[in-house]
Amino acid sequence: MIARRALLAGMAGLAMGPRIGRAGPTPDDPLQSVNWGLMREAFLGDAPFVFDDKVSVTAPTSAEDAMQVPFLIDATRLSRVLRILVFADLNPINRILDFTPGRLAPVLAARFKIQQATPLRAAALDGQGRWHVGGLWIDAMGGGCTAPALAHGEADWTARLGETSVRVFDREGRKRIRLQIRHPMDTGLAAGIPAFFIEQLVLTDAAGEVLGELATSEPVSENPLFTFELPTALGLSEVGIRARDNNGNVFSRKVTL
Amino acid sequence: MATTLRRSVAAVTLAMATTLGFAGLGLAKPVTDQDILNDAETTGDVLTYGLGTQGQRFSPLDLVNKETVKGLVPIWGFSFGGEKQRGQESQPLVVDGVMYVTGSYSRMWAIDVKTGKELWEYNHRLPDGIMPCCDVINRGAAVYGDKVYFGTLDAKVVALNRETGKVVWSKAIEDYKAGYSITNAPLVVNGMVITGIGGGEFGIVGKVYALDANTGEMKWIRPVIEGNVGTLDGKPSTMTGTKNASWQGDQWQTGGGGTWLGGTYDPKTGLLYYGTGNPSPWNSWLRPGDNLYSSSRLAIDPKTGEIKWSYQTTPHDGWDFDGVNELISFPLKGADGKTIDAAATADRNGFFFVLDRTTGKFISASPFVSRHDWAKGYDENGRPIYNTDFRPGDPAKGGGADGKGTSVFTAPSFLGGKNWMPMAYSQKTGLFYIPSNEWGMDIWNEPITYKKGAAYLGAGFTIKPLYQDHIGVLRAMDPATGKIKWEYKNHAPLWGGVLTTGGGLVFTGTPEGYLKAFDDETGEELWSFNTGSGVVASPITWDMDGEQYVAVVSGWGGAVPLWGGDVADFVKSFNQGGMLWVFKLPKKA
């Protein structure tokens, strides 16, 4: 009994240990990324997964501006989506977004900073606890994560910090909400500038109940632009938006649909 | 000795229980109000700035003592890193085996005290437009519950989770663009985080703020300049003093009185003690009157923010005698053998004051520097007897070039007989150990008008040393007699805090880079260690697993290199730093 416990502890220790010598593509990865093994371990753990075109990732095949690479994730072809993780295999900070759609549609658009050519992936968790992974390669000249934000060229970047603009579009049975928040989204990798970024974005209904939640990481682009979709059938007249950064600054506003 | 030993054993037991009971679960043991009030007695931790809310900076620990101190060696160091090597004036805290230390540019680290391993770093994103007068320093953190707090250079109080370093709440208490900044360590009393604010060079109004430690909600604000109205629970409370009693017109609206050093708290009287800074502008001819409550000590009720008493050390200040200096509670033995609940403060103006801390009644004022040109002394009511020749001349009367008034040479300089660096009181010797400086200044006045966010001085100045061979002097002051018992001269100006112990030692740092230990009765230097950069911070000591530890932050900077004038010759060769050092005695084999 004691021996078995020790053995289990030892195995757990191995699983938690440093990820040395695990590099190299795995045969099943359609993108043939040297980092897929590590990404899988870090983001999906031991959970079952499948590479699946039903999770569509749309982005330019070559990044025009390394600091603002737009992408669109659409997992509506899956029956039920609990969570969507967006990450870039070869960025110095891999995680970009962690989206809990809740009552929102499993659709999300944003922009990220790219450091070098990398796969961009979205993993959507279905109701059975299985991950569906889509993705594509984006080519880039790079450097997007280690360059200072453009805001630092301004005399006072705090003057408009957190200003949020919102537009609402009607779209095939859904309301599309596009919002942009003034924020430098500093990665902490540019010399002399500490990490300073929005960590959390919450959409609520008029009663303050959460509609959907988005955890955001350093690679999200400066003055982040997010697009969400809300089923018109919910019949909501108002949505609250609340963002919080890693310095504890809170930005919130309401939008009428 | 027996008591100390018992305390050590208790501390060890507590440390073990903590390791087993809490560390495994990843939960920090919450710090309570009672823990904070007991801090001066509990040697196994340092929960407050000042090693106790009274600010005595005395530890009863005696394992490191006059005999053993020569064996003190560094056991680990910790670099603050980055390219941000500026002045480091921080006093670390030690809670449950974790050290919380702040650094330049509003940064904080949590470090495992056994190994020096970093647990987390919080790096506050500062705007480019911050306006700290006297370097981008920070003096330390406060702990309460599961949080650790500090003030930032953009005038925010930030509460971090002690385990993770994540922000729990952040509150901008003033507009940094008007010149406000926070460099003082906050103080926690009755579940409130209490802080002062800096910006006296920009015509701000100094205030004391009390925030709910759990939520960051403002409980009360007390402006320290008469005529301004405070708040309590978000509503206007009472006016400070009587409008225009000691100020003319609307000058009280930009009257200065920065509370930038923070304060102390005495559980016996239940009062907060705050020092207030110089009146604005420096040119005193523009603001006739005593200018209450600038350059004063205030006793404040922590429940309501009401001022209970005040004592002004420099009425109508004309020399930037920015009297924020800490007021330390201590028992004063009178000639009749009775003990008075007293408090003492060593002011920028060169005098050491003893007050009755219950009533604020003046007891004595004794010079602790060799020259105090501006005043002959104090009368029995505690009012200075001015030497009027040493006030810079009125620009309206001319005498200087380009509309300036006549210049005078006077000592102490505006950097003070003693500046921010806290003194220590020994419960063992009954003496105060004052880090002081011998310097004077040429100072002249000139016209000035207030503009938001611009320096509001109306004075020009240059500092000069008084002696060839030294500026800094560490002095042992007997509060009962006002006599100096011993002094230690240092070439460069002293700019670091003092610590004294039951082991009969007085620790302080020098800009030359040394942490030194002195005999508390003779001033003899018993030990020193070169930290590699100037020590302008306050050392601490605690015990753990039956051993006594000493820690200090090293990193040259602060006001001297920015404002020191001709003092540059004494300090120009010092290199920047940003390093925490921890010492103990070697373990016996």
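**View 1. B:Arg475 is a buried residue, with 25 other C-beta atoms within 10 Å.** For the burial labels here, C-beta atoms are placed from the backbone, and a residue is buried if 20 or more other C-beta atoms lie within 10 Å of its own, exposed if 12 or fewer, and partly exposed in between. B:Arg475 is found in strand β32 (residues 472-478) of chain B. Helices (H or I, at least four residues) and strands (E, at least two) are DSSP runs, numbered from the N terminus. Who does B:Arg475 touch? Leaving aside its neighbours within four places in sequence, it is in contact with B:Phe368, B:Ile434, B:Ser436, B:Ile484 and B:Glu487. "In contact" is used for two residues whose C-beta atoms, placed from the backbone, lie within 7 Å. B:Glu380 is 95 residues away from B:Arg475 along the chain, and their C-alpha atoms are separated by 25 Å.

A quick note before moving on: this is a predicted model, in which local features need pLDDT of at least 70 and side-chain atom pairs count only at pLDDT 80 or more, while totals for chains, interfaces and linings use all residues. Residues are numbered from 1 along each chain as its sequence is written, and chains are lettered from A and ligands numbered from 1 in the order in which they are written.

**View 2. B:Ile137 sits in the loop between β6 (118-123) and β7 (142-144) of chain B.** Not counting residues up to four places away in sequence, B:Ile137 touches B:Gly87, B:Gln88, B:Glu89, B:Ser104, B:Thr183, B:Gly557 and B:Gly558. B:Gly323 is 186 residues from B:Ile137 along the chain, with 19 Å between the two C-alpha atoms.

**View 3. Strands β21 (residues 328-333) and β22 (residues 339-346) of chain B pair in the antiparallel sense over 6 bridges.** Two strands pair if DSSP finds at least two bridges between them. B:Ile328 has B:Ala344 in β22(B) as its bridge partner. The two strands make a hairpin with 5 residues between them, and in the turn B:Gly337 has a positive phi of about 85°.

**View 4. Strand β7 (residues 118-126) of chain A has 8 of its 9 residues buried, so it is largely enclosed by the rest of the structure.** Which strands pair with β7(A)? One is strand β4 (residues 81-88) of chain A, which pairs with β7(A) in the antiparallel sense over 7 bridges. Here A:Arg83 has A:Leu125 in β7(A) as its bridge partner. Strand β8 (residues 131-138) of chain A also pairs with β7(A) in the antiparallel sense, over 8 bridges. In that pairing, A:Leu120 stands opposite A:Leu136 in β8(A). β7(A) and β8(A) form a hairpin with 4 residues between the strands, where A:Gly129 takes a positive phi near 80°. In a regular strand the side chains alternate between the two faces of the sheet.

**View 5. An open sheet of 6 strands in chain A runs in the order β2-β3-β6-β13-β10-β9, with antiparallel pairing.** β2 (56-58) and β9 (164-171) of chain A stand at the edges with a single partner strand each, so one side of each has no neighbour in the sheet. Ignoring direction, neighbouring strands of this sheet are turned by 15° against each other on average; the axes are lines fitted to C-alpha atoms, for helices over the stretch in contact, and angles run from 0 to 180 degrees between N-to-C directions. Within the sheet order are β3 and β6: strand β3 (residues 69-74) and strand β6 (residues 107-112) of chain A pair in the antiparallel sense over 6 bridges. A:Val69 stands opposite A:Phe112 in β6(A).

**View 6. Chain A meets chain B through 11 residues in contact with 11 residues of chain B.** The side of chain A that touches chain B divides into 3 nonpolar, 6 polar and 2 charged residues. Ala, Val, Leu, Ile, Met, Phe, Trp, Tyr, Cys and Pro count as nonpolar, Asp, Glu, Lys and Arg as charged, and the others, Gly among them, as polar. The model scores ipTM 0.80 and pTM 0.89.

**View 7. Residues 1-25 of chain B have a pLDDT below 50.** pLDDT is the predictor's confidence in each residue, from 0 to 100. Chain B averages a pLDDT of 93, and 95% of the residues score at least 70. Where pLDDT is low, the predicted coordinates should not be read in detail.
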